[in-house]
Structure formats: C-alpha cells, structure tokens
Amino acid sequence: MTDMRLIRGRWVFTGETTLTDGAIAIQDDTIVAVDAWTTLQATYPQAAVIGSDRFAVMPGLINAHHHSNGVPNSLQGVDDDFLELWLFANIGLRSQDPKLKTLLSIAQLLQSGVTSVVDVASMGGTAQDCRDNLEGRLAAYEQAGMRVALTPGMRYESMFVHGEDDTFLASLPEDLRQRLQTLVPMAQPVSRTAHIELIADFVQQYQTHPHIDIWFGPPGPQWVGDELLLQMVDAAERLDTHVQTHALESFYEKLMGPRLYGQSVIAHLNQLGVLSPRFSIAHGVWLTPADIEILAETGAAVSHNPSSNLRLRAGMAPLTAMVSGGATVGLGMDGTALGDDEDMFAEMRLAARLQRSPQINSPAPGYGDILRLATVGSAKLMGKAQQLGKLAPGYRADVVLVNCDRITWPWMSPEANPLHVILMRAKATDVDTVLVNGQVVLKAGMPTGFDLRAVGQTIAEQLDAAPNRDQYRALATDLIPYLGQWYARWPVPTLSPYAAFNSRT
C-alpha cells in the first residue's frame, strides 16, 4: 500500500479516547486504522509520515453555522448592536467579490482547525446575480478543498421589522419613509418559484461532489413566510438535502412568536410539519423547555453560536438544557466570533465558560462535552454522523495537527489531562496542518490551495475602488432610532432564566 500515510502525534484525540504517542493511518480520503505509533509504523513501514511527537492530532472541527463575511463589519465601520438594528446597518457595507470574500473566510477557518462549515449565504438581485454569487463562493471551496454545506437564501417578507412592515412604514415621517422605499426594494426580482428552482439546480449539480453540498437557507421563518418555507422543506426532502434557518436568536424573535403565530416559533414550525433531522436552526437563544422537547422529538438540530449571541446582545442560549433535553446541538461561529478572528478554540472555551453557573451542584459542560459539540454534534447536524467528527476507521480523513510547543511551555505536569490542556490553551495560531478528505489544505499555518496574501491585497484594492455607500449609511443612521423605538414598545412578559448569574435583591 504505497499510498498509505501515517499521521503521528504526541496525543491523538479520537473523539472517544486519548492515545499517547499515537497515530492514524489514512488511505486516499479515509481513515483505515487508529493505534499506537509504534504499532502502525511496524504495520506500514513504507508509509509517508505527517506530524511528530510535537503535535496533537484531533478530528477536524465543524462550524455548524457561519457567514463568510470576508472583510469583517468592524473594519467596514459597522459596529455591533441589537440584531434587528445591526441587520439594517449592514446596508452601508461595500460589496465584496463573492469568491475572494469566501477565500478570506475559508483561510481563517482552516487556520482555526475547522474542516467543515455550514456557510449561510445571502443572495439578492436578479437570478443571474444570484447564480454568479453562488458560483463564486463554490469556486472558492473547490480551490481551497474545504468541506462545505453552502446554504443560500434571501428575504421575501419582514424587510424592515418582524411581520409588521406596513404598520412600521406608516409610523415613519414622510420624508424618511420615501428615502427608505427609494433605496431599499420592497420586493425581490427573483420569484419564490425561481428561487426554489435555482437552489434545486445547484443541489443536483453537486450531489456527488466529494466535499460540497448545497442546502436550502431560508433566513428565518418571518423572512420567507410559511408557504415558501414549506416548499423549501418539501424540495429538500425530495432532493435528499438539508435546510438551515435562523430562529429565536434575539429577544424580539422570542416575542415575535406569540405576536405573529399565537405560539412560540418552534411550536409553529412543528405545527407546519417542517422539523426533522434534515432541519436545523441557528442560535435558539430563547428556546423554552417545551421548544427543546419538540426539537428532541423531531430530531431537528441547533447550532449554538455563543460569540455572536453576545456581540449582538441576543442573550445566552440554554446549552446545558438543550443537551440534557436530548436535542442535537452543534457549535458555530456565525462569522461573528468574539475577537473577530474566527478562532474555534476560543469559541469552544467561551461555550464552556458561559454555562458554568455560580451555584454548587448545578450542571456545567466539561471540555469533552464542548469538543463533542464542535465535532460529533455538528456532524450529526450536517447529517454526516457516520463520516465526520471522529478519528475512527471508516471515517473521512478530516484531521487537524496542533503544534504543542507553545501550549505546553515551559512545563506540563504528567498528571495534567492532555485534552483539557489543548482545549484550555490552544489558539488558531497553533494549528499547523489540516487535511480534508486526506488532502493537505493547510500547511505550516497557510492554505495550500491559494495565496492568502494575494487574496487580501486584491480584495483591499477592490474595496478601495468600490462606490461608497454614503446614502445608505445616512439612511441607517436616521432609521435605526425608529427601529429601536418600535421594538421598545413591544410588551415584555415575565422572564424566568435557566440559571441565576446575579440578583437585584
């Protein structure tokens, strides 16, 4: 077997156990054995070797919900805010080339040990504009060799506020309403039917691709309406693909459920019959115990995005309750990591720390639990639980090598748990090598499929030359106070948090 390769590490974290001085054997795109280094070296003496006893070897991390933003909003002058206000402020962003922005985001993910991502892509414009957008993004994933479920969608309803655009528009001063209706289209040029057909074409085109899948990506139930959501779910069932949407991210999306549907958003989705293992939601910050029970019963999954939830003042999702309640939960960065750096190790630490409630005997996730979110849980969300998320025979060779030199300097106790040390101390800058489907896609911390520095330079030049968005920025500045006042008037029910972190009394 001359094409056999061994990946060696000081520690090998399989997802179920830790091997000291271990290795995995891979052939083509598949793991064929996991064992002690000396055993595999003797079994395959001619095999090429990647890694050494300076590295930790672990399964590729899986980002269960993401947006490839390219140059982040912070560098474009759009600050964090409440979700509903921040979304509108984004009209001031300059346009970026879809392939280049995706390559820029891919580089950050690979450098953080992420081998698979659910990338939710916003579309707009004509059908050809949408096709060009998606083709550019897909070309980036082809070139980089990264695994993706590209998940496109666009808004058709609730263009300004949740479910009540006409009433909101009527409440605005006349001059502001006219500017808004002039600059922001109220209708999409692509019909709902054409939207379904467009995504279906891409699903079929990529159905046999080794590392690219296409999903349906309704931005949120309120943004597509029940009829289109049902059509997407039916098409996904027919084409054997998945659906991911945003739900119960912000406090006002929680209030929206009873206001628009007479029940919680999850109860409404359940009543529509759209929930299943091929359906996932991003965020779920405001899930109730009854909502979690519905998710567990239907098999619908949740991507937990702690950084984004904090940055956009959405709240803190009940991760412990979701997991203990039997829901499928993955971990995502949402293109909005806490340090604006897409560091999945930092995201795992944040997910663990936020759930450590102050009372003794209250449950809290351990490091192993959090790693499972970012591997096994996210793999299950993607419908790939038997292919991804572990280092085991028969699984895809999606592998990460983390350099342990800095992490263990200046000394490490023999009693220290290696997994705890890596998850406590590792950073994206420690990731040295990444393989996807057995192919090296990151080497010495840099992507192998493209020149990252050249991509950065080109996208900077394009943004320098892009038309400014002064009219749109001015509109956002003038309209956002009215959006804030609109939501501030919504009645707020009595709240009962899952855990007490402080008290006024």
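**Helix packing and selected local features of a predicted model**

Let me begin at one helix pair: Pro 221, Gln 222, Trp 223 and Asp 226 in helix 8 meet Glu 253, Met 256, Leu 260 and Tyr 261 in helix 9, where contact means heavy atoms within 4.5 Å. By class, this contact of helix 8 with helix 9 comprises 5 nonpolar, 1 polar and 2 charged residues. In that classification Ala, Val, Leu, Ile, Met, Phe, Trp, Tyr, Cys and Pro are nonpolar, Asp, Glu, Lys and Arg are charged, and the others, Gly among them, are polar.

Two remarks on sources are in order. This is a predicted model, in which local features need pLDDT of at least 70 and side-chain atom pairs count only at pLDDT 80 or more, while totals for chains, interfaces and linings use all residues. Residues are numbered from 1 along each chain as its sequence is written, and side-chain values use heavy atoms, with hydrogens and water left out.

Helices (H or I, at least four residues) and strands (E, at least two) are DSSP runs, numbered from the N terminus. Helix 8 and helix 9 (residues 251-261) pack at an angle of about 35 degrees, and their axes are 13 Å apart. Axes here are lines fitted to C-alpha atoms, for helices over the stretch in contact, and angles run from 0 to 180 degrees between N-to-C directions. Helix 8 passes helix 9 in a right-handed crossing; a crossing is right-handed if the near helix is turned clockwise from the far one by less than a right angle, and left-handed if anticlockwise.

Helix 8 (residues 221-239) also packs against helix 7 (residues 192-205), at an angle of about 25 degrees and with axes 11 Å apart. That angle makes helix 7 roughly parallel to helix 8, the cut-offs being under 35 degrees for roughly parallel, over 145 for roughly antiparallel, 65 to 115 for roughly perpendicular, and oblique for the rest. This crossing of helix 7 and helix 8 is right-handed. On the helix 7 side the contact is made by Arg 192, His 195, Ile 196, Ala 200, Val 203 and Gln 204, and on the helix 8 side by Val 224, Leu 228, Gln 231, Met 232, Ala 235 and Leu 239. These residues divide into 8 nonpolar, 3 polar and 1 charged.

Which residues of helix 10 (residues 265-272) are buried? They are Val 265, Ile 266, Ala 267, His 268 and Leu 269, with buried meaning under 20% relative accessible area, exposed over 50%, and partly exposed in between (1.4 Å probe, protein chains only). Their cover includes helix 8, strand 9 (243-247), helix 9, strand 10 (279-283) and helix 11 (289-298). Gly 273 follows helix 10 and has a positive phi, near 85 degrees.

Asn 417 caps the N-terminal end of helix 17, with a side-chain oxygen 2.9 Å from the backbone nitrogen of Leu 419. In the loop between helix 16 and helix 17 we find Pro 410, which a cis peptide bond joins to Trp 409, with omega about 0 degrees.

Most residues other than glycine have a negative phi, and most peptide bonds are trans. Two further residues deserve mention in that context. Asp 340 lies in the loop between strand 12 (328-331) and helix 14 and has a positive phi near 60 degrees; its relative accessibility of 24% makes Asp 340 partly exposed. Glu 342 belongs to the loop between strand 12 and helix 14 and has a positive phi of about 50 degrees. Is Glu 342 buried or exposed? Glu 342 is buried, at 6% relative accessible area.

Glu 342 is also one of the contacts of His 66 beyond four places in sequence, which include Ser 105, Asp 119 and Met 333. His 66 is placed in strand 5 (residues 61-66) and is buried, with a relative accessible area of 1%. Its side chain makes a polar contact with the side chain of Asn 63 at 3.1 Å. A polar contact is a pair of N or O atoms within 3.5 Å; within protein, one must be able to donate a hydrogen and the other to accept it, and residues adjacent in sequence count only if both atoms are side-chain atoms. A polar atom of the His 66 side chain also lies 3.2 Å from the backbone nitrogen of Gly 335.

Finally, Phe 450 lies in the loop between strand 16 (446-447) and helix 18 (452-465) and is buried, with a relative accessible area of 8%. Phe 450 and Ala 144 are 306 residues apart in sequence, yet 6.6 Å apart in space, C-alpha to C-alpha.
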